[in-house]
Amino acid sequence: MHGVVPLKGRTAEVLSREEILQIHQAALEVLKDPGVKIEHEEALDILNRGGAEIDQAKQVAHIPAFLVECALNQAPRFMTVCGRDPKYDLKSGTGEVHFTNGHGATFVNDFDTGERRPATKKDLEDNVRLHDALENTHFIFPEIYPQDVPTRALDRHISQALLSNTEKPVIATAYDSKGARDLIRMGTAIAGSEEALHQRPMFTVSLGVVSPLLFERDRVDVLLEICRFGHPFQVYNIPSAGGTSPATLAGTLVMAVAELLAGLILTQLVKPGVPVRLEGYPSIIDQKYGCFTFACPEKALMAVAMAQMFRYYGVPHGIHGATTRANVLDAQAGYETGIFDMFTALSGSELIIEATSSGMENTVLSVHEQAVINNEICGMVYRILRGIEVNPDTLAVNVIREVGPGGEFLTHRHTLEYHKIENWDARLGNRMASDEWVESGALDIRAKAREEVKRILATHHPRPLDIDVQRKLAEIVEEAEG
Amino acid sequence: MITIVNSVIEGEAEKVRELVQQAITGGVSADRVLSEGLIAGMNVVGERMRKHEVFLPEVLLSATAMHAGMDLLKPLLAASGVGLGPKVVLGTVKGDIHDIGKNLVGMMLTGAGFQVVDIGRDIPAERFVQVAREEQAQVVAMSALLTTTMPEMKVTIDALKAEGLREKVKVIVGGAPVSPEYAAQIGADGYARDAASAMDKVRELVASV
C-alpha cells in the first residue's frame, strides 16, 4: 500500500530540537521516579532482571535511562504488517504517510432507519467491508465493538470480523492471555502455519497503557503472549491533559512519552528485536463538559509533537487524526476532521489513526457516511502532500510559447497529459453549477455519501477466507463462548 | 462501424481515419459512416461528458478524431448531395473575448453532425446577422461570460428581428451568468449551461422546426 511522502519531506514541526531533548530528559526522570505501576509479577521480574528497581509492595518499576537506550537499540526501526493481498502491505519507515480508520464505537446510526442503536457484529462486518473498499484506509482498526455478542468472547468476535472481511492489514483484539493465544490460532489458520504467520503477519495487537503510568494485568498478559510469539505489537496511550496527565501540553507529552517508552522496554526485555509500534493519542479534558476531547487544537498540536518525538527515537509509530465530537454529520464534523487530517498528515507521521474513521461523538457513535466523507478529505490531503512538481516539462515554457498570448491551453496535448497527474478528482464534493445541482436532485454531502455507502456495501466483496479457515475461526469463537 | 464508434470514443484520430477510409473503400455510404460511426461515437462521449464521467481534454481528443474522419467524408457527402446537417452560426458577443466555452460548444456541435460556422469572439450584432443570412443558418448560438456583455445577446436578437431573420433562425444562448429565465426574457429560443447540453438543445430546436 503506497502512501505519500509529504511535500518532498518538508514536514510540519511544533517542537524545536532543544524542546524535543527537554521532553526526552523529563520523560527519563519520570520513568525513574515515580516510575510505572505494572500489575503483573512476572513482568516486574523481567524488568528487575533487566536492571529496573522494583518496589514489590507498590508493584512499581523505577526504570533507569540505560534501559531506554537498550530498548531503542534493540527495537526494529521498520515494521511491515501484511495484507492478505500483498498489494496492501503496510510498511513503516518509508517516509510515507498512511491513514487508518478509527476504533471503539458502541453505537451506530442504523443505515436504513437512521435510528441510534447499540452496534451489532453485522455493523462491524459492514464497516470492515466499507474500509476494505475505501482507498485511503490502509490499516483497519476495530471501529465498532458489537453489543450483541457475549462479552467473554467479544475479542474473538471482533478479530474474526476483521480478519474475514478485508484483505488489508488489521489491528485485531485480545483481552487476556487466552484471547491472545486464540488470536494466534486464528492467524495461523489463515496463514497456513505459524511459520507463514511469522513471514507475513496480517495483524497486530495493542496494549493500552492506562494513564497515568499504569499497566493492567490482563493487557500485560497479552503483551507477553504476543511478543514471545515474536509477532508485531503496538503500545498506545490516551492521556488527557488536566485529568489523567498534567494540564500543560508539555507535561502531558512528557508523561505520554514515558509511558510508551516503558511499554517498549518491556517488549524488548521479553523478546529482543520484536517489532513494536508506538502510538500516542494525548488530548485534553474539556473542563466545562468534563469529557475527553477528540478533536481540539491542543490534541492536534500534541499529535504533531508526538510524531516529532517518535522520529527522534526512530521507532515505527502512529499519531491520532481526528474523530469529531459532533453528534450529527454537520459542518462541525467536517471542519474538525478536515483540519485535523490536514495538519496531522503534514507532520509526516507514517500512520494517521482515525483519519478515515466513521466515528462521531468522540468515537462512541459510528456512522458509515462519515467514513466515506473522511476518505474524500484524505484524498484532498494526499493531493496537498504531493506538492508541486517542478521540472523543465512542468515549467512548460515551450507550451506557453506554443499557445501564445490570447490562446487557450485546453486543447494542448500538454494539458491532456498533465491534467490527470496534477488534478485531484473530487468524487463526492459538489462541483456543479447551481441549476445543474438543483436538477440532479440538490444532494448535499450527506446524501452523496449515503449513495456511495449504498453502492459499496451492495457491490464490494473482498475475497472470502477459504471455507475450512472460516470454519476454524468459527470454532475458536464458539469455544470462547463456552 | 462499432470500431469507428470506439475509436472516436478513445480519441484515436489516426485509427478513425484508417477505419473511415476502409469503410468508404468497402462501399459503405458516406452518410452511414457519418451517422452510425462518427456521430454515434460522439453521442456516447457527449453523454459521458454530461454525466461528468470524462475529462474535457479527452472529449476534445474525441472531437479531433471525429474531425479526422469528417475530412474524408466531406467531399463524398457534398458529391452525393447529402446535406451536411443544419448550420449553426456561433460566436461570443461584442465586448466578450472569453471563448473557451464557445469553442467547446463548437466542437460538440460539429461532433453531433452540425455544420458549425464559428465566427469567433467579440462579435457585433451586425456580423451575426450578416453571416446568418449569407450562410442561411438554421441556428444562431451566442455566449457571454460577463454580466456586462450579456445584454449584447438581446441587441443581437433585436437586430435579427429588425433584419427580418428572426423567424428563420433559432437562437440559443449560454455562458456563466446566463440563466434559462434570462434567455426567455430576451426572447431566445433556448439556453444551455454547458457544451453537452448545448448539443442536446440545438438538436431539440432544429427538430422542432
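Biologist: Where in chain A does A:Pro34 lie?

Modeller: A:Pro34 lies in the loop between helix H1 (17-32) and strand E1 (36-38) of chain A; helices (H or I, at least four residues) and strands (E, at least two) are DSSP runs, numbered from the N terminus. The model is predicted, with local features needing pLDDT of at least 70 and side-chain atom pairs counting only at pLDDT 80 or more, while totals for chains, interfaces and linings use all residues. Residues are numbered from 1 along each chain as its sequence is written, and chains are lettered from A and ligands numbered from 1 in the order in which they are written.

A:Pro212 sits in the loop between strand E10 (203-209) and strand E11 (214-215) of chain A. For background, most peptide bonds are trans, and most residues other than glycine have a negative phi.

On phi, A:Gln59 is not a glycine, yet its phi is positive, about 60 degrees. A:Gln59 belongs to the loop between strand E2 (53-55) and strand E3 (60-62) of chain A. With 18 other C-beta atoms within 10 Å, A:Gln59 is partly exposed; the C-beta atoms are placed from the backbone, and a residue is buried with 20 or more others within 10 Å, exposed with 12 or fewer, and partly exposed in between. A:Ala442, not a glycine either, has a positive phi of about 50 degrees. A:Ala442 is exposed, because it has 11 C-beta neighbours inside 10 Å. Its loop runs between H16 and helix H17 (445-459) of chain A.

Nine residues of chain A and seven residues of chain B make up the contact (C-beta atoms, placed from the backbone, within 7 Å). On the chain A side, helix H15 (413-422) and helix H16 (434-439) are the elements that give two or more residues. H15(A) has the largest share, three residues. By class, that side has three nonpolar, three polar and three charged residues (nonpolar: Ala, Val, Leu, Ile, Met, Phe, Trp, Tyr, Cys and Pro; charged: Asp, Glu, Lys and Arg; polar: the others, Gly among them).

Within chain A, helix H6 (residues 177-191) packs with helix H18 (residues 467-481) at about 170 degrees, their axes 9 Å apart (axes are lines fitted to C-alpha atoms, for helices over the stretch in contact, and angles run from 0 to 180 degrees between N-to-C directions). H6(A) is therefore roughly antiparallel to H18(A), a term for angles over 145 degrees. From H6(A), A:Asp182, A:Arg185, A:Met186, A:Ala189 and A:Ile190 meet A:Val469, A:Lys472, A:Leu473, A:Ile476 and A:Ala480 of H18(A). These residues divide into seven nonpolar, no polar and three charged.

The largest nonpolar core has 130 residues, and A:Val205, A:Val257, A:Leu261 and A:Ile265 have the most contacts inside it (such a core is a set of buried Ala, Val, Leu, Ile, Met, Phe, Trp, Tyr and Cys residues joined through C-beta atoms within 7 Å). Helix H9 (residues 249-270) of chain A gives the most to this core, 14 residues. Apart from its neighbours within four places in sequence, A:Ile265 is in contact with A:Ile63, A:Leu67, A:Val68 and A:Ala71.

Methods
Contact = placed C-beta atoms within 7 Å. Parallel < 35°, antiparallel > 145°, perpendicular 65-115°, else oblique.
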